[in-house]
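I open this notebook to record what I looked up in one structure. The entries follow in the order in which I made them.

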Amino acid sequence: TSQLYIHEQLPDNSEFIIYNAEGRLMRSGVASATSSRSVNVDDLEVGIYFINIFGKDFSAAAKFVKVE
């Protein structure tokens, strides 16, 4: 499976949103400091994506590329 690993320290119950390059919402969910801090992106097509992570007094954004 394809995993996107989040290396930032996350506050508990941080939310994430993944958009494709066209701005379409592809996935959303909750990540926590105690979880593995990874998101399964196996079902996403090859391409460019953006992830926004936010929680209480915390936000981060990054671009990632899904390859075969």
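**Entries on contacts and core**

I first looked up I18, which, apart from neighbours within four places in sequence, is in contact (heavy atoms within 4.5 Å) with R24, L25, M26, R27, V39, V41, L44, Y49, F50, I51 and F64. I note that this is a predicted model, in which local features need pLDDT of at least 70, side-chain atom pairs count only at pLDDT 80 or more, and totals for chains, interfaces and linings use all residues. Residues are numbered from 1 along each chain as its sequence is written, and side-chain values use heavy atoms, with hydrogens and water left out.

Of its 14 residues, F16, I18, V39, V41, I51, I53 and F64 touch the most other members. Two or more residues come from each of β2, β5 (47-55) and β6 (58-66). The most come from β5, which gives three.

I then turned to S14, which lies in strand β2 (residues 14-20); strands are DSSP runs of E, at least two residues, numbered from the N terminus. S14 counts as buried because its relative accessibility is 0%; buried means under 20% relative accessible area, exposed over 50%, and partly exposed in between (1.4 Å probe, protein chains only). Leaving out residues up to four places away in sequence, S14 touches G29, V30, A31, I53, F54 and G55.

Last, I looked up P11, in the loop between β1 (3-5) and β2. P11 has 28% relative accessibility and therefore counts as partly exposed. From P11 to F54 I noted 43 residues in sequence and 8.9 Å in space, C-alpha to C-alpha.

Conventions. Helix = DSSP H or I, 4+ residues; strand = E, 2+ residues; numbered from the N terminus. Core = buried A, V, L, I, M, F, W, Y, C linked by side-chain atoms within 4.5 Å.
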